[in-house]
Amino acid sequence: MRRVAYFFGSAAAAGAGTYVVIYLYRWQWQRAILCGVLLLVVEVMLLGIVLLGRLARIEERMRDADRRQEDVLARLREKEARPAGDRFRWLEEPTSRTYVFVPVLMVTGVLLSGLAWIVQRIASATARPTAERRLAGRLAVLAAPGPARDADPNGMDDPRGIDELDDLPPIGVGARGRRGRTARVLVVSAVGVTLVGALVMGLADLTQTREEDAKNSEATSLLLKVDMRGTNMTAERESLAARQLWERCRDSTSVPLNRATLGTLGDGLFAGVVQPALTDHDRMRLRGCLEDTGLDRTHLTVVGIGDADADDD
C-alpha cells in the first residue's frame, strides 16, 4: 500500500512540477500558482508518509526493547527468588568430609605447574639449535609460496628481490567491492549532474526573454471568445468581463501599448487591436495573461491572433 502511495504521489508531483514550468513559460501566473500549491501539498503528503513509516518502525523497536527488558527483569527476579543456601550446599554439610578434597586438589595443581615450569626451563637451556633447524626444514613444505623473485644472471634467485609481505598492497574481496561501489557512485553522480545541468540549461533557454526585431506591420489583431458559467449571464456581463480582462492585460507586454481597443462581435466574440505590432514573445505574454484564470466563473480563449496593417478593415 505504501508503494502505491509513493507511486501516485510521485506521479502527481512530477505532473504538477511539469505544469508549473509550462504555465510559467506561457505567462499564466494564476495557473502556475495553483500547480505550485498542488506540488507543495503532494510533497508534504509524501513527507508525512515517510515520517509515519519511520515513527512506526521506531515504535516497534521500542516495543521490542520493552519486551526484552521485561524478560530480563523477570529472569533477574526469578534468580533473586531462589534460596541462597543452594549455591554452596557442600560447605553446609558437616557430616561429609569430601569438601576437604577440593583444597588438596588445588595445591596439587600448583605443585605440578611449578614442576612443569622447571622442566621447561631446563629443556630450553640444554636444547641444541640443530633441532630447531630440523623442525623448520620439516615445516618448510607447508609454507606459502613467496612473491615473484628477480631472476639472477647465473640462474639463481636473488633474495634481495623478494618483497616483504607487509609492504604488498592489500588486495581482497573487500577492497574490490569498495572500489566497485565507489566507481558506481561516481558514474551515477556524473550522470545525475549532467542531466540536471541539461535540464536547467534547456529551461533557461526556453524561458529567457530575448530581444526580437520589430514587426513591419502597424498593429496586431486578436479574436477573443468569452465563456461564463452561471445564471443571468447576459451580454452586458460578458462585455464587462471581457473589458476587465483586456484592461488588466494591457501592461503584460514588454513594449507599452499606445492603443488597445476592444469591440464586441456578438455571441461572446470580441475583436481587439493593439499598437504597435507585437513580437512573437509579446504575443505569447498577452495570450497567457488573457487565457489565465483571472475572473470568477469566466474563461477567455484567444481564438486567433495576427498582424494587421492600416489598410485592413
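Which side chain meets aspartate 307 in a salt bridge?

1. The model is predicted. The partner of aspartate 307 is arginine 283, and the two side chains meet in a salt bridge at 2.2 Å, N to O. Aspartate 307 belongs to strand β6 (residues 298-308), while arginine 283 belongs to helix α7 (residues 280-291), so this pair ties together parts that are 24 residues apart in sequence.

2. Aspartate 307 has 35% relative accessibility and counts as partly exposed. Arginine 283 has a relative accessible area of 15%; it is buried because the cut-off for that class is under 20%.

3. The count for the model comes to 8 salt bridges. Side chains of opposite charge can pair when their charged atoms come close.

4. Another of these pairs is in helix α2 (residues 29-81), where aspartate 64 and arginine 67 both lie. They are 3 residues apart, about one turn of the helix. The closest N and O atoms of their salt bridge are 2.0 Å apart. Aspartate 64 counts as partly exposed, at 24% relative accessibility.

5. Arginine 67 also forms a salt bridge with the side chain of glutamate 60, at 3.8 Å, N to O. Arginine 67 is partly exposed, with a relative accessible area of 42%, and glutamate 60 is likewise partly exposed, with 37%.

6. The next point concerns nonpolar packing. The largest nonpolar core has 20 residues, and those touching the most other members are Leu222, Leu224, Trp246, Val274, Leu290 and Leu300. At least two residues of this core come from each of β3 (219-228), α6 (235-248), β4 (259-266), β5 (269-275), α7 and β6. Helix α7 and strand β6 are also the elements that hold arginine 283 and aspartate 307, respectively.

7. What does leucine 224 touch, leaving aside residues up to four places away in sequence? Its contacts include Trp246, Leu290 and Leu300, which are themselves among the core residues that touch the most other members. Leucine 224 also touches Leu262, Gly268, Leu269, Phe270, Thr301, Val302 and Val303.

How values were computed
Residues numbered from 1 in each chain as written. Predicted model: local features only at pLDDT ≥ 70, side-chain atom pairs only at ≥ 80, totals over all residues. Heavy atoms only, no water. Salt bridge = Lys/Arg side-chain N within 4 Å of Asp/Glu carboxyl O. Buried < 20%, exposed > 50% of the residue type's maximum accessible area, 1.4 Å probe, protein only. Helix = DSSP H or I, 4+ residues; strand = E, 2+ residues; numbered from the N terminus. Core = buried A, V, L, I, M, F, W, Y, C linked by side-chain atoms within 4.5 Å. Contact = heavy atoms within 4.5 Å.
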